Amino acid sequence: MPLSEHEQRLFEQIERSLAEDPKFASAVRASDPRFHARRRLLVAAGVVVVGLALLVYGAVIKTPPLAVAGFVVMLAALGYAVQSHRKAQSPDLHVVGGTTSRRRPRGRAGRRPSLLDRMEDRWRQRPEGHR
């Protein structure tokens with residue numbers, strides 16, 4: 001069931017006020033798992049560069065333990081980056097509300113119901129007198 005014009009105007013007004021609120025935007029960004037995954041990938045890339053520098057420096061000054069340590073640092077950072085990338089691609093990321101320890105039941109066609117699906121369900125389940 002589509003929203004009435006009044007409800008649509010209210011929805012758009014709420015959306016505009018939330019979009020203009022810098023505190024709200026930073027709070028949502030801080031709780032967004034994609035933001036954290038992106039940051040972890042950037043940190044891993046920086047550590048890979050440091051490991052590569054150690055590897056090259058160890059090879060130039062002919063110190064094999066330093067070169068091996070650089071290689072190990074690079075390998076560990078690459079493993080961390082791959083793990084972070086896989087975690088970022090996970091469909092179980094919850095943008096709002098954090099993570100849960102148990103799996104939630106899935107909605108239509110085996111996927112997590114979207115915000116609009118949940119709002120429609122609530123609309124359909126509201127008391128009969130409010131229509």
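What follows is a working chat about a predicted model of one protein chain.

Student: Switching to α3 and α4, at what angle do they pack?

Tutor: Helix α3, residues 33–60, and helix α4, residues 64–89, pack at an angle of about 165°, with their axes 7 Å apart. Angles over 145 degrees count as roughly antiparallel, and α3 and α4 are therefore roughly antiparallel to each other. Their crossing is left-handed, and the contact of α3 with α4 has 20 nonpolar, five polar and two charged residues.

Student: Which residues does Leu 66 touch?

Tutor: Leu 66, which is placed in helix α4, touches Leu 54, Tyr 57, Gly 58 and Ile 61, if residues up to four places away in sequence are not counted. For one of these, Leu 54, the separation from Leu 66 is 12 residues in sequence and 6.6 Å in space, C-alpha to C-alpha.

Student: Why does Leu 66 count as partly exposed?

Tutor: Leu 66 has a relative accessible area of 25%, and buried means under 20% whereas exposed means over 50%, so Leu 66 with its 25% is partly exposed.

Student: And Ala 88, where does that one lie?

Tutor: Ala 88 also lies in helix α4, and at 22% relative accessibility it counts as partly exposed. Ala 88 and Pro 33 are 55 residues apart in sequence, while in space they are 7.3 Å apart, C-alpha to C-alpha.

Student: Back to the loop between α3 and α4: is Lys 62 buried or exposed there?

Tutor: Lys 62, found in the loop between α3 and α4, counts as exposed at 71% relative accessibility.

Student: What is phi of Lys 62 near?

Tutor: Phi of Lys 62 is near 60°, which is a positive value in a residue other than glycine. Most residues other than glycine have a negative phi.

Technical notes:
Residues numbered from 1 in each chain as written. Predicted model: local features only at pLDDT ≥ 70, side-chain atom pairs only at ≥ 80, totals over all residues. Heavy atoms only, no water. Axes fitted to C-alpha atoms, helices over the stretch in contact; angles between N-to-C directions. Helix = DSSP H or I, 4+ residues; strand = E, 2+ residues; numbered from the N terminus. Parallel < 35°, antiparallel > 145°, perpendicular 65-115°, else oblique. Left-handed = near helix turned anticlockwise from the far one by under 90°. Nonpolar A, V, L, I, M, F, W, Y, C, P; charged D, E, K, R; others polar. Buried < 20%, exposed > 50% of the residue type's maximum accessible area, 1.4 Å probe, protein only. Contact = heavy atoms within 4.5 Å.
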